[in-house]
Amino acid sequence: MHKHTVRHITAALIAAALLVACGKETPPPAPKAEAPKAPEIMVVKIGSASPLTGPQAHIGVDIRNGVQLAVEDLNAKGIEIGGNKVKFEMVAEDDEANPTKATTVAQKLVDAKVAAVVGHFNSGASIPASKIYADGGVPQISPSSTSPDYTLKGYKTTFRVVAHDGQQGPTLGRYAVGTLKAKNIAIIDDSTAYGQGLADNFENTVKAMGAKIAAREHTTDKDTDFKAILTKIKGRKPDLIMFGGIDPQAGPMIKQMKELGIKAHFIGGDGMQTPNFIKLAGDASDGAMASIPGLPKDQMPGGKEFLEKYKAKFNQEVELFAPMGYDAVFVFVEAMKRAGSADPAKFLPEISKTDYQGVIGPIAFDDKGDLKNGPITIYKVKDGKWEPLEVVKPEAAPAASAAEKK
Amino acid sequence: MEIFAQQIVNGLVLGSIYALVALGYTMVYGILGLINFAHGDITMIGALVSLTFIQLLVAAGVPPAAVLLLAGCGAMLVCAVLGLTIERVAYRPLRRAPRLAPLITAIGVSILLQYSAALIWGKQYIALPAIVEPLQFTVFGAQLTSLQAAIFLLACLIMAGLLWFIKSSRMGRAMRATEQNPDVAGLMGVNTNTVIAFTFLLGSAIGAIAGLMVVLYYGIGHYFMGFMLGLKAFTAAVLGGIGNVGGAVLGGLLLGVIESLAAGYIGDLTGGVLGSNYRDVFAFLVLILVLVLRPSGLLGQHSGDRA
Amino acid sequence: MNAAHWWRRTAWLVIVLLLLAAPFLIEAVLGRAWVRIADVALLFVMLALGLNIVVGFAGLLDLGYIAFFAVGAYSYALLASPQLAVHWPFLVLLPLAAAVAAIFGILLGAPTLRLRGDYLAIVTLGFGEIIRVFLNNLNRPFNLTNGPQGITLIDPLQFGGFSLAQTHSLAGLTFTPVHSYYFVFLACAVLSIVISRRLEDSRIGRAWVAIREDELAASAMGINTRNMKLLAFAMGATFGGVAGGLFSSFQGFISPESFQLLDSIMVLCMVVLGGMGNVTGVVLGAVLLTALPEALRYIGPLQQRWFGEVFIDPSDLRMLLFGLALVLMMLFRPAGILPARRRVMEKRHAAG
């Protein structure tokens, strides 16, 4: 019997060794083969980490596409860093929206000696991964993680180019109560870190401004039936419904709201300010409002172009965070150019000095690595299109509202 | 009162979709004693196929009624073939295997279907193009659209037709015989292989219609959409008494109403301790309670530990 | 005989040395990411062995096994993080995580005793989802789990001032956190293997097999089927609980996202593919299924190189292969890569 065990274990080890050998054989990426032809070209790898499988894959692929587009644009332009011609290369990894996989993927990117990483999508993935990037000295910009916890660990390598929940939520709240004069507000969130964080911060602000919370309801990021909660909300006769979540829920939600004859305003965050929202909601989307950090896209240098380029390249509309992914790459490259080096140790200090006009608006970081409070634009759907309605200047002290959360 | 009536309407429409999917589970379980885990994903394929048909036909300028008819038929055809294939390739060889084997195969088939769909349709949420603007009307103070009414009526019609079919047709009789005892049915001249294949075909085709309804009702399609729907529908089938066609219908409608009422009222009933965030928990709690307290379900005769 | 004995001892020695040297070899050849993958693989070995007790030994199909992992992880995280502002030592917390998981195992087991086969599968699946939904929502009305935001800044394993989260050096070798955790996980995994082995050959193990093969006959032979099944659930859950606690300390962050149904199914695949009931097979299954998806990631760049574009996302390919593997295994090798000894014996018996 013991002999069997030994044989089995030996077999297992051989199998593992074979696997290891296979793994070893495959990794050398394309550039090494090309390198000898053009020795003067320096290859700089940019990591992209997001979920490419599972229910959130559409958003993860969107981020990766944004990074890919940036890399291609940069290569087409021909960038020089410290006098060397540079070829950028994307290393895309799938974190499966799974925190465990996220740390593995992070380690893999560090091992692959990427100069910088754009990722991850979920706060649940970005937070554990941030430690590994910090240990490896690789700067990380999350295009989409909005949990205030992400930047609270004090790592120098951790940045984000998305407003965190403590920034966007209160602004949206001030708009709802101040400008739209909402007095009786219903709030729905999608039970995710993003949706709930946004909704909680919104709730705190509108409560502080004296509005009444008619109902606080929850759904999930996989659901498409909201009739039950909307019916309950209808009974409370709110004048405004706020949704913390993203477009696959927001679209059907406003549709069902109209079917139930609810006439309240519908407002949400950047997660639903997408072309897909209008497609999913159809005519019902008319009048919906959503905030998005930054100035209106067509006022941004390159904003409109970006959307067109994306569509031409990938044959689909921008889902959500592709512009953030795109800008994140440029933030890194600008820092590299200023430092004259693609070595993370050298250009890392330059990232915190970033002052860049991106597709999403002005990008600058505070001392924690959060996006500095910029203007936030409120959009409204009119004739099947998101039209900018108003630019809301931020009020100071976003830190206070982030602290309120805990 | 208005709100209550509305919640009942919501629940019934949602429940009729559950019921249609539940039929597929219950028919297969009745005959094979197998939980066809992949059934939710067959519904998903039905939904995405009909979505594609609608997109193509609307773009070609086909009148709405014809679009719906063709999309429905196309989805049914694809799903029926798929159901037959799955039965033949993945389940039939395991008919005499230990219980765990077909169940694990079913999980494998479910994963295969999901990721094949992801390859074909991509991972984006797909929007339904506008076909017809549904009419709105009010019943007992509840808002109802013509689409909701149509879904409910069509579901009832299909279920009634199925009940009649099983009771009165030759094939239905063969199905019932196979369900009671496949070996004896075989001895009596019933070709059990054909009967089982037919059951899969029928269940998958009905699943396709449910998929079409989901697409029309919510205006959205996604490769992962079959999973939760399948779980809920399975719950409905268990609630009604798995293996019992009438039970699946009752269970589906009941589950829809329970979910609506729970999401609508639990917050007030518990003073805000529980809320609509526990909506999915209710479905599973119903499932566990039924299995523990009355494993045969509301209308079923089989006992829960039928092994 | 003597030569065979010598060979056996040498083989064991080589295996032990290889396992001890593994993290350093792996890092040198494949990079540190693979050491981390090895760590995770060891955690999954523990999980798969735990599930193997329930599914492989006792024949109770559990589709919500990850719930025990979650319960263990949260027990540890809540009592060793700023969330509740308590920082208990891990020597208390790991047994506690095991105990809490065992209690949940009994809570799940007790009402479902009468159910068998696929009904049990669905109930356990529901149980797993219920646990996840509760973890996701217990941030209101009063904030216990911090909801979807998860718990961060969880303490690493530490004795006094010695923390596994720091890099240490010993005898010229550098022990980064992934290396240190490797040895802790290895010790726990080996312990799990030993316990599983001992259980298999014990009275309890034979009772489980009897229940798996024919519950009625087993109870007629005087086996207390109720207690034995509860014991299987509790034992299985204990493994999951300890693994969960270790996972918490290793990651430093947990959120309900880590405990999805897909994770339960993955652990089940490990047990099924390796061979239900065969401890070596299950270990092999866990290692293979953790490493294989990672190896498959290289398919994407390869396609790019060979065909100029990526036809199939490696991640899709991975899932397609999993699905296919499950189906094909059941069709052609239902007992797994390494069938349980008992099944081999049965087959021989039938053939002879």
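This is a predicted model: local features need pLDDT of at least 70, side-chain atom pairs count only at pLDDT 80 or more; totals for chains, interfaces and linings use all residues.
Residues are numbered from 1 along each chain as its sequence is written, and chains are lettered from A and ligands numbered from 1 in the order in which they are written.

Chain A contains 14 helices and 15 strands; here helices (H or I, at least four residues) and strands (E, at least two) are DSSP runs, numbered from the N terminus. Of the 406 residues in chain A, 59% are buried. A residue is called buried if 20 or more other C-beta atoms lie within 10 Å of its own, exposed if 12 or fewer do, and partly exposed in between, with C-beta atoms placed from the backbone. Two residues are in contact if their C-beta atoms, placed from the backbone, lie within 7 Å. Among the contacts in chain A with a separation of 6 or more, 68% link residues 24 or more positions apart.

Chain A is assigned two domains: domain 1 (42-163 + 297-374) and domain 2 (166-293 + 378-405). Such bounds come from an automatic or database domain assignment. A distance of 27 Å separates the C-alpha centres of domain 1 and domain 2 of chain A. Between them, 16 residues of domain 1 of chain A are in contact with 18 residues of domain 2 of chain A. The side of domain 1 of chain A that touches domain 2 of chain A consists of six nonpolar, eight polar and two charged residues. In this division Ala, Val, Leu, Ile, Met, Phe, Trp, Tyr, Cys and Pro count as nonpolar, Asp, Glu, Lys and Arg as charged, and the others, Gly among them, as polar.

The next feature is a sheet. Seven strands of chain A form an open sheet with mixed pairing, in the order 8-7-9-10-11-14-15. Its edges are strand 8 (212-218) and strand 15 (385-392) of chain A, each of which pairs on one side only. Neighbouring strands of this sheet are turned against each other by 25° on average, direction ignored. Two strands pair if DSSP finds at least two bridges between them. Strand 9 (residues 240-244) and strand 10 (residues 265-268) of chain A run parallel and are joined by four bridges. Within this pair, Leu240(A) stands opposite His265(A) in strand 10 of chain A. Helix 8 (residues 227-235) of chain A lies across strand 7 (184-189), strand 8 and strand 9 of chain A, and runs at about 170° to strand 8 of chain A. For such angles, axes are lines fitted to C-alpha atoms, for helices over the stretch in contact, and angles run from 0 to 180 degrees between N-to-C directions.

Helix 9 (residues 247-259) of chain A has 13 residues and should span 18 Å at 1.5 Å a residue, which agrees with the 18 Å between its end C-alpha atoms. Twelve of the 13 residues of helix 9 of chain A are buried, so this helix is mostly covered. The buried residues of helix 9 of chain A pack against helix 8, strand 9, strand 10 and helix 10 (275-281) of chain A, and also against helix 8 (192-218) and strand 4 (220-221) of chain B. After helix 9 of chain A comes Gly261(A), with a positive phi near 75°. Helix 3 of chain A is largely enclosed by the rest of the structure, because 15 of its 21 residues are buried. Gly78(A), which follows helix 3 of chain A, has a positive phi near 80°.

In chain B, strand 2 (residues 136-139) and strand 3 (residues 142-145) run antiparallel and are joined by four bridges. One bridge partner pair is Phe137(B) and Leu144(B), the latter in strand 3 of chain B. These strands of chain B form a hairpin with two residues between them, and Phe140(B) in the turn has a positive phi of about 50°. Elsewhere, Val62(B) is found in the loop between helix 2 (39-59) and helix 3 (64-91) of chain B. Val62(B) counts as partly exposed because it has 17 C-beta neighbours inside 10 Å.

Finally, 35 residues of chain B are in contact with 32 residues of chain C. Helix 4 (100-121) of chain B supplies the largest share of the side of chain B that touches chain C, with 13 residues. The residues of this side of chain B divide into 27 nonpolar, five polar and three charged.

Methods: The expected span of a helix is 1.5 Å times one less than its number of residues.
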